[in-house]
Amino acid sequence: MSMAGSQTAADVLAADGPQSRDLFEKFEPLIQERDRLLGTGVRDPFAIVMDEVKSPTEAVIQGKDTILLGTYNYMGMTFDPDVIQAGVDALKEFGSGTTGSRVLNGTYVGHKDVEAALCEFYGMGHAMVFSTGYQANLGIVSTLAGKGDYVILDADSHASIYDGCFLGNADIVRFRHNNVEDLEKRLGRLPPEAGKLVVLEGVYSMLGDIAPLDKMVTVAKKFGAMVLVDEAHSMGFFGEHGRGVAEAQGVLDQVDFVIGTFSKSVGTVGGFCVSNHPKTEFLRLVCRPYTFTASLPPSVVATAATSIRKLMHAGNKRAHLWENSKRLHKGLRDLGFRLATEEPESAILAVLLDDQEQAVRMWQALLEEGLYVNMARPPATPAGIYLLRCSLCAEHSAEQVEQILGMFESAGKATGAIG
Ligand SMILES: Cc1ncc(COP(=O)(O)O)c(C=O)c1O
């Protein structure tokens, strides 16, 4: 076969061969919506770069000193001197990474130590540390609930919980967000003999509302289900020992598995599952997102262990964080903003806005004032809501909270979000 002019063999194949569909085609509506939005001149809320981070509450973004109000750094442990020192020491002593899975060469003494710290923190017998909280949910949900089992979950569950259901091939039964009656109704329809895992969260991160875990756990147990509670946004802050909403509501002893993350109150990266179930250790051998990935670097587990042990004695920080949350909630309400919860239920306050355009304009106006918050939109948010998510830190001072309120007032008036 001769080829005309500069035509290559690949060109000929492309012209004659089967025309498969562009794999990016499904993203086209989203690409166009994004282009339209950025075409109006607004900054991309999902492409912020921190040039410098000065403390848990302050950074420099595009040359401007900025207060951080969207980092989930609830207890402000990222700059704790003991935490940093532990990381530096481990980096020097054990090197920069493990280059291996937890079940091969990737378990160092530091990994066992952070698991011991978690057992101490929760008063439980077993802890398994994953490389992220996402992988902890992915791994534990998919490993416990396989084909033929049921996962009964709140409709507003985190993406990692949904992904765990898909990976495990379990049947998914959703109940209405925080609705105890709906949970009971749906459990009642399932075959009594089937394996059941009820998955709940302590604090729901989009609206900052808490779950009625006391009632839900009672209902789940009535139907013989195992209960897993994701306390990602409540660890360190809720309950006498900072164990989460299950502790605060007095049902921790009935929860089979607690999932958590090091990326929020603990102030680094990683995820975990703690449990008193006697067969927990076996999960290490059958849980794919635990086995088939490299373990956390030694410096990370050392910072996590130090942070977790300090969080066991952080009653003052917890009290100050509650004060911050209450002060900001009241201040925003007084200014005329609509908030997702009537009262401050956690360290997350969600400011509800009319639509995407208003949310992005408000987000940008706040950034220009020197305040960073998270912009959140569907599908991450429930019911098509656009919101600005504020997460407070125990290291925010009362003066910073006042400054934040001043910034919200200016930005709200400039964008028409408040009168
Ligand atoms: C409820 C919940 N679970 C799990 C995770 C995942 O945590 P990580 O950041 O450690 O992957 C998050 C993170 O946003 C979360 O909000």
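Colleague: How many bridges join β10 to strand β11, and in which sense do the two run?

Modeller: Three bridges join β10 to β11 (residues 257-261), and the strands run parallel. They count as paired because DSSP must find at least two bridges between two strands. Strands here are DSSP runs of E with at least two residues, and helices are runs of H or I with at least four, each numbered from the N terminus. Please bear in mind that this is a predicted model, in which local features need pLDDT of at least 70, side-chain atom pairs count only at pLDDT 80 or more, and totals for chains, interfaces and linings use all residues. Residues are numbered from 1 along each chain as its sequence is written.

Colleague: Which residues stand opposite D230 of β10?

Modeller: In β11 the bridge partner of D230 is I259, and E201 also stands opposite D230. Strand β7 (residues 196-201) runs parallel to β10 and is joined to it by five bridges.

Colleague: What makes β10 mostly covered?

Modeller: Four of the five residues of β10 (residues 226-230) are buried. A residue is buried if 20 or more other C-beta atoms, placed from the backbone, lie within 10 Å of its own; it is exposed if 12 or fewer do, and partly exposed in between.

Colleague: Are Y72 and T99 buried, partly exposed or exposed?

Modeller: Y72 has 19 other C-beta atoms within 10 Å, so it is partly exposed. T99 has 12 and is therefore exposed. Y72 lies in the loop between β3 (64-68) and α3 (81-94), while T99 is in the loop between α3 and α4 (109-122).

Colleague: What is the phi of each of these residues?

Modeller: Y72 has a positive phi of about 60° although it is not a glycine, and phi of T99 is near 50°, also positive. Most residues other than glycine have a negative phi.

Colleague: Why is α7 called roughly parallel to α8?

Modeller: Helix α7 (residues 180-188) and helix α8 (residues 213-222) pack at an angle of about 10°, with their axes 10 Å apart. Therefore α7 is roughly parallel to α8. The term covers angles under 35 degrees; over 145 is roughly antiparallel, 65 to 115 roughly perpendicular and the rest oblique. The axes are lines fitted to C-alpha atoms, for helices over the stretch in contact, and angles run from 0 to 180 degrees between N-to-C directions.

Colleague: Which residues of α7 and α8 meet?

Modeller: V180, L183, E184 and L187 in α7 meet K215, M216 and V219 in α8. Residues are in contact if their C-beta atoms, placed from the backbone, lie within 7 Å.

Colleague: What makes α13 roughly parallel to α15?

Modeller: The axes of α13 (residues 315-335) and α15 (residues 398-415) come within 10 Å and cross at roughly 25°, which means that α13 is roughly parallel to α15.

Colleague: How do you know that β13 and β16 stand at the edges of their sheet?

Modeller: The open sheet has four strands in the order β13-β14-β17-β16, with antiparallel pairing. β13 (338-339) and β16 (374-376) each have a single partner strand, so one side of each is left without a neighbour in the sheet. β13 pairs with β14 (residues 348-353) over two bridges, and the bridge partner of L339 in β14 is V351.

Technical notes
Two residues are in contact if their C-beta atoms, placed from the backbone, lie within 7 Å.
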